[in-house]
Amino acid sequence: MPDLNEMKEVILKYVINEYAEEDDDVTFDTPLISGGLVDSFSMVSLKRFLEVKYKISIPDERATPDAFDNVSKIAALVQEYL
Amino acid sequence: MGYSNKTKQIYTDQLDAIAAAGLFKQERFIHSSQAADIEVEFPSGSAVKKVINICANNYLGLSSHPAVIKAAHEGLDTRGYGMSSVRFICGTQDIHRELEQKMTEFLGTEDTILFPSCMDANAGVFEAILTQDDVIISDRLVHASLVDGIRLCSAMHDTFKHSNMEHLEEKLQLHADKRLKLVVNDGIYSMDGDMAKVDELVALCEKYDAMLLIDESHSSGFIGKTGRGTHEHYGMMGRVDIITTTFGKALGGASGGCVSGRKEIVQMCRQKARPYLFSNTIAPVVVAGVLKVLDILNESTERRDKLERNAAYWRKGLTEAGFILKEGESPIVPVMLFNAKLAQDVSRDLFAEGVYAVGFFFPVVPNGQARIRTQISAGHEIHHLDKALEAFIKVGKKYEILGKSKQEIIDRYGQ
């Protein structure tokens, strides 16, 4: 099973590369959805990235804005389905 | 009464908020036909003023061309005013199919289907050809009509950073297992005037077995040696699977649009695209006008050549005067002012000087990217451009922005 901290780094790197502007300071606990960095459309591709990267399937009902609201929460969710 | 005071208040609050943010759009009434010289009533109720128009999509100056008007008259006389029907019931005339065939030849595709507008073409094409098993990967700056069309479709939607081919390739790899993949771009981006890298897009799409859709609304008629569009510019005729475009800009400027491309895709649109199935056929008078426009463009490249010269002349003049422009080669030349109020003030002062150019600011462009978007036409003569340039310089001097850097303008006016 991938190490949690390593996974958080991978997800953080993806989020920064995908969504952040140059002057955005994004950390493991930065609110992504409620903070306006990631919109609901972009959430679909983030979920897709996680599923392909970790070879898992996250049920749609678990992929809520709250569950995707920061990198720590996302990593915790992924861990459940490994 | 269903429209209670409470309901009314909800709307007036929203309208007040739009006005308070300085974002309330007011229309200017034009008392003449569309051309380089127009007569405008603004504000409403004021005397009509003659101004030079440098913000129309009338790229080829064909909106009021005598031969187009004559052809439209003939279309009106021989085919009537309206058809009172959608295409598939009793709304298809011989000239509708003739225009579809001529657009197919003009764009170098396999088949074409007309829509009431390109907005409708973009609203209808995705849902007609894709399902939830598929993915759409669009450039992040594509036109609002494409965004809306994509939202109406059940396919997964992902995006790539503007014109970033490495990012697109990552996304094509990420979605490799999808049944169908469709990459979506504008040919010329309407706010910045930059061109999609069509050659690289085609190569990536062919490598990853993805279809490519390009909206050529701001390029059909004048980009490429004979004005076919960005696919001609890059030598990619026949390799773009779906082209959507409009007749409401360079191609006569009236209305209407189309989806042109692979035969099966056009057939799918004819069977399933809802804006095609459930809205009226394009009026015969418009079809007759567009047919004449295509004749004019097939006879000579004179107008697109003149447009190219005019755009280069305009861009050079503004650059030498010290304005900051978005780089590019298209006739869309954005003059960057960065601050929304400054853009509005400059637009107002230009109008007082006899030049009609509109300020664009958030949410039409990103925050801090306010600008005056100028659009050059083959209908402009050098004297129009010289006079407009003189006005720009006068207003630029007033606001002390000539020769200033982006940071200096932001420091003075804010972002």
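# Getting to know chains A and B

Chain B and chain A of this predicted model bury about 970 Å² between them, 48% of it on carbon and sulfur atoms.

Trainee: How many residues of chain B are in contact with chain A?

Mentor: Let's look at both sides of the interface. Chain A brings 9 residues to the contact.

Trainee: How many salt bridges does the rule find across the interface of chain B and chain A?

Mentor: One place to look is the side chains of R140(B) and E18(A), which meet in a salt bridge at 2.8 Å, N to O. Across the interface of chain B and chain A, the count of salt bridges is 3.

Trainee: How many residue pairs are in polar contact between chain B and chain A, and which elements of chain B each supply at least two residues of the side that touches chain A?

Mentor: Counting pairs with both residues at pLDDT 80 or more, there are 7 residue pairs in polar contact between the two chains. As for the side of chain B that touches chain A, the elements that each supply at least two residues are β6 (156–160) and α7 (165–174) of chain B.

Trainee: How many charged residues has the side of chain B that touches chain A?

Mentor: Let's go class by class. That side of chain B has 2 nonpolar and 4 polar residues. The number of charged residues there is 8.

Trainee: Which are the edge strands of the 7-strand sheet in chain B?

Mentor: This open sheet of chain B has mixed pairing, with the order β4-β10-β9-β8-β7-β5-β6. An edge strand pairs on one side only. In chain B, these strands are β4 (111–115) and β6.

Trainee: Where is P363(B) found, and what is omega for the cis peptide bond that joins F362(B) and P363(B)?

Mentor: Most peptide bonds are trans. P363(B) lies in the loop between β13 and β14 of chain B. For the cis bond that joins F362(B) and P363(B), omega is about 10°.

Trainee: Where does P43(B) sit, and what is omega for the cis peptide bond with F42(B)?

Mentor: P43(B) belongs to the loop between β2 (37–41) and β3 (48–53) of chain B. The cis peptide bond that joins F42(B) and P43(B) has an omega of about -5°.

Trainee: What is phi of D209(B) near?

Mentor: D209(B) is in the loop between α8 (198–207) and β8 (211–215) of chain B. Most residues other than glycine have a negative phi. In D209(B), a residue other than glycine, phi is positive, near 55°.

Conventions. Residues are numbered from 1 along each chain as its sequence is written. Chains are lettered from A and ligands numbered from 1 in the order in which they are written. This is a predicted model: local features need pLDDT of at least 70, side-chain atom pairs count only at pLDDT 80 or more; totals for chains, interfaces and linings use all residues. Side-chain values use heavy atoms; hydrogens and water are left out. Contact means heavy atoms within 4.5 Å. Buried area is the accessible area (1.4 Å probe) that two parts lose on being put together, summed over both. A salt bridge is a side-chain nitrogen of Lys or Arg within 4 Å of a carboxyl oxygen of Asp or Glu. A polar contact is a pair of N or O atoms within 3.5 Å; within protein, one must be able to donate a hydrogen and the other to accept it, and residues adjacent in sequence count only if both atoms are side-chain atoms. Helices (H or I, at least four residues) and strands (E, at least two) are DSSP runs, numbered from the N terminus. Ala, Val, Leu, Ile, Met, Phe, Trp, Tyr, Cys and Pro count as nonpolar, Asp, Glu, Lys and Arg as charged, and the others, Gly among them, as polar. Two strands pair if DSSP finds at least two bridges between them.
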